[in-house]
Amino acid sequence: MAAPDGPILIVGAGGIGAPAALALGHAGVRRLCIVDDDRVELGNLHRQILFDEGDVGTDKLASLRRALVRRFPALEVALRPGRALPDTALELCEGAAVVIDATDNFASRFLLADAAHLVGVPIVHAAAVRWQATVLAVAAAGRPCYRCLFEDVPGGVLVDCATAGVAGPVCGVSGALAAERALDLCLGRAPGTILTYDGERDRLREVPVAPRRDCPLCGAQPTIGSLDAARYMPPACEASY
Ligand SMILES: [Zn+2]
């Protein structure tokens with residue numbers, strides 16, 4: 001395949017980001033940029049497939065780059081320590097060929113959805129919890145977007161993989177599907193569907209998503225024109241990606 005102009009930006013180097021990076025390396029992608037602020041933990045190794053016990057306690061980004069470059073010597077892996085935040089997200093997304101949202105909380109997902117839309121970069125949102133994985137690909141400033149589906153950052157107690165648990169192989173499925181959809185977007189294909197995977201029933205479905213006319217990001221009269229920090233609640237937990 002033709003190499004995309006900019007790097008593929010992966011936000012989150014954990015259970016979804018690592019298998020996505022591995023799949024993209026095998027697909028021949030030449031440039032990745034990976035964002036994370038965490039260290040490798042023993043309890044996460046079941047889903048973070050490029051790390052082993054020798055990596056526990058080390059910087060996740062450095063360990064991931066080591067694992068990738070060992071397999072793909074020609075792969076350029078830029079590292080961005082930290083989290084995507086309202087004052088950095090636009091700059092992070094700008095120039096990327098595609099953004100892969102492999103984060104673990106709604107605040108980060110909405111932030112990246114808005115940032116990618118505002119700078120005109122396609123984005124893949126990939127999630128996994130328990131036995132369920134979902135992957136939504138959005139074209140550059142395209143419709144439907146993440147806010148067409150979920151509208152806004154939810155309040156209250158949220159179910160995430162830190163509290164609900166997640167099956168390691170389901171993270172792998174989510175990461176592989178995210179990589180596949182990222183390659184689709186690099187080739188200009190945006191199906192306007194969400195992929196859902198049910199690991200208990202081994203069922204993969206592709207479900208159409210309808211654009212919302214009143215979507216605040218991609219609708220007829222958008223109201224989101226900048227990244228106002230007040231719009232993004234803090235993460236519900238500090239679970240690792
Ligand atoms: Zn929308």
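**Legends for views of a predicted model**

View 1. The structure, a predicted model, holds zero disulfides. Cys 33 takes part in no disulfide, and the nearest cysteine sulfur belongs to Cys 93, 10 Å away. A pair of cysteine sulfur atoms has to lie within 2.5 Å to count as a disulfide. Such a bond is covalent and links the sulfur atoms of two cysteines.

View 2. Is Cys 33 buried or exposed? Cys 33 has a relative accessible area of 11%, and buried means under 20%, so Cys 33 is buried. Cys 148 also counts as buried, because its relative accessibility is 8%.

**View 3. The fold of the chain.** Seven helices and eight strands make up the secondary structure of the chain. Of the contacts between residues at least 6 apart in sequence, 69% join residues at least 24 apart.

**View 4. Overall dimensions.** The C-alpha atoms fill a box of roughly 50 × 40 × 35 Å along the principal axes.

**View 5. Interior and surface.** Of the 241 residues in the chain, 53% are buried. The chain exposes about 10700 Å², and 52% of this area comes from carbon and sulfur atoms.

**View 6. Charges.** How far apart are the mean positions of the positive and negative charges of the chain? The chain has 23 positive and 28 negative charges, and their mean positions are 4 Å apart.

Technical notes. Residues numbered from 1 in each chain as written. Predicted model: local features only at pLDDT ≥ 70, side-chain atom pairs only at ≥ 80, totals over all residues. Heavy atoms only, no water. Helix = DSSP H or I, 4+ residues; strand = E, 2+ residues; numbered from the N terminus. Buried < 20%, exposed > 50% of the residue type's maximum accessible area, 1.4 Å probe, protein only. Contact = heavy atoms within 4.5 Å. Areas by Shrake-Rupley, 256 points an atom, 1.4 Å probe, with all protein chains shown as cover. Lys, Arg positive; Asp, Glu negative; His and termini not counted. Charge placed at Lys NZ, Arg CZ, Asp CG, Glu CD.
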